[in-house]
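Trainee: Please take me through the pockets of this model, with a close look at the largest one.

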Amino acid sequence: MSHSSTPQRVSGRVINDWRPDDPLFWQRQGHHVASRNLWISVPCLLLAFCVWMLFSAVAVNLNKVGFQFSTDQLFMLTALPSVSGALLRVPYSFMVPVFGGRRWTAFSTGILIIPCLWLGFAVEDTSTPFSTFIVIALLCGFAGANFASSMANISFFFPKEKQGSALGINGGFGNLGVSVMQLLAPLAISFSMFAVFGATGVAQPDGSMIFLANAAWVWVPLLALFTLAAWFGMNELTASKASLKAQLPVLKRKHMWIMSFLYLATFGSFIGFSAGFAMLSKTQFPDVVIMHYAFFGPLIGALARSAGGALSDRLGGTRVTLVNFILMAIFSALLFLTLPSNGAGGNFIAFFGVFLMLFLTAGLGSGSTFQMISVNFRKMTLERVKKSGGSESMALREAATETAAALGFISAIGAIGGFFIPKAFGTSLALTGSPAGAMKVFLVFYIACVVITWAIYGRNSNKN
């Protein structure tokens with residue numbers, strides 16, 4: 001009996017027979033199906049990142065349209081989506097095996113229309129209280145949770161030797177949403193697009209107009225389009241189905257917590273810098289129009305993530321991660337030399353250049369640590385199941401389930417960096433007038449990651 005016709009027989013929605021590690025199956029139809037799911041997943045995740053980081057572009061402009069929020073309050077708004085995003089990544093990481101990848105991707109993309117619509121109306125009315133913006137910021141966090149379910153879903157589709165590259169593409173292009181949003185939002189708010197829905201502009205001292213509602217509303221038609229694309233174009237794998245109970249043992253694995261710490265330093269830095277960089281630059285170099293440049297950092301970091309996954313497939317995730325953490329520590333130390341002291345001195349070009357290198361290494365490290373997670377968890381699960389007398393197919397299934405759950409859960413811990421970094425900058429500025437205190441903490445953190453990566457993964461193996 002041939003399995004190869006099964007995917008076509010079930011009209012492309014539910015696939016009962018999925019064997020990506022079988023070279024013949026992969027060549028005949030696995031590659032085609034996996035690629036289609038990946039290339040629908042990518043724009044859905046990209047849009048999710050646009051919504052997740054929306055406040056990094058909106059907060060900078062709120063006081064320009066008539067609001068009276070303090071700097072610490074504005075930093076808080078850029079940080080809050082990462083709180084709900086991080087917390088929600090925990091349940092989201094278990095959702096694909098419970099509900100199926102196609103349905104969950106469509107649902108989790110479609111609901112993001114709600115905070116976008118609400119934010120557009122909220123910025124139109126300057127009597128909107130700060131508490132309302134807090135609620136909208138937390139709702140934007142739902143978008144950040146999509147990463148956990150999206151990465152878990154894509155991990156089921158690809159064979160082990162292609163997981164680093166596939167997860168790198170999905171995560172890297174998804175992360176690109178931060179840059180896309182920071183590039184498009186300033187353009188969108190500069191001219192009238194949604195006047196028919198009541199969007200009005202606010203005149204600026206230089207004679208220009210700001211249509212701030214556009215920053216949120218411009219994503220609504222795209223979210224609707226790709227919700228439909230996910231619903232009609234993606235697949236569900238019965239092989240990926242697993243109950244919550246079957247996924248929870250991953251929380252007992254020691255390496256899940258160690259890898260969470262390392263991922264917090266890479267992806268946490270990427271998303272934290274993305275959320276806080278524009279506000280930080282505005283406080284240190286007020287004469288620079290930062291929104292003209294803010295998108296470069298997340299762009300470089302997102303592209304580097306794909307490279308980090310591919311490099312790790314070739315050179316080994318541990319080796320790439322170790323070198324990367326050393327570079328992150330060096331660049332965070334160099335950052336001190338670029339800052340103004342007591343409002344004088346400082347060099348924006350040097351500050352921006354060093355920050356671009358931090359974005360680059362945070363992106364590379366996000367790809368390499370994710371590759372380490374998928375390789376290490378797969379290997380450990382296969383060894384454990386075989387040692388306890390389980391069959392090859394049982395070992396492979398359990399390895400896929402545990403790896404997907406670990407990827408999702410670890411991504412939840414990493415997302416906390418999106419709250420911690422902007423909040424640390426805001427607190428450091430409020431207490432001392434300088435971000436240096438927060439940066440000292442980040443430097444110590446990166447040095448600790450160098451030691452942990454080498455001690456736990458680097459000494460024992462040259463292959464991971």
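**The largest pocket**

Mentor: The largest pocket has a volume of about 590 Å³. A pocket is an open set of points on a 1 Å grid over the protein atoms alone, where a 1.4 Å probe fits and protein lies on both sides within 12 Å along at least five of seven lines. Points are joined across faces, edges and corners, and a volume is the space filled by probe spheres set on them.

This is a predicted model, where local features need pLDDT of at least 70 and side-chain atom pairs count only at pLDDT 80 or more, while totals for chains, interfaces and linings use all residues. Residues are numbered from 1 along each chain as its sequence is written, and side-chain values use heavy atoms, leaving out hydrogens and water.

Now the lining. It consists of 24 residues, each with an atom within 4 Å of a point. Asn61, Lys64, Val289, Met291 and His292 lie nearest the centre of the largest pocket. Two or more lining residues come from each of α3 (54-62), α9 (163-188) and β3 (209-210). These are DSSP runs numbered from the N terminus: helices are H or I, at least four residues, and strands are E, at least two. α9 gives the most, with four residues.

By type, the lining holds 14 nonpolar, six polar and four charged residues. Nonpolar means Ala, Val, Leu, Ile, Met, Phe, Trp, Tyr, Cys and Pro; charged means Asp, Glu, Lys and Arg; the others, Gly among them, are polar.

The second largest pocket has a volume of about 510 Å³. Its lining has 23 residues, with Trp18, Arg19, Pro20, Ala239 and Leu396 nearest its centre.
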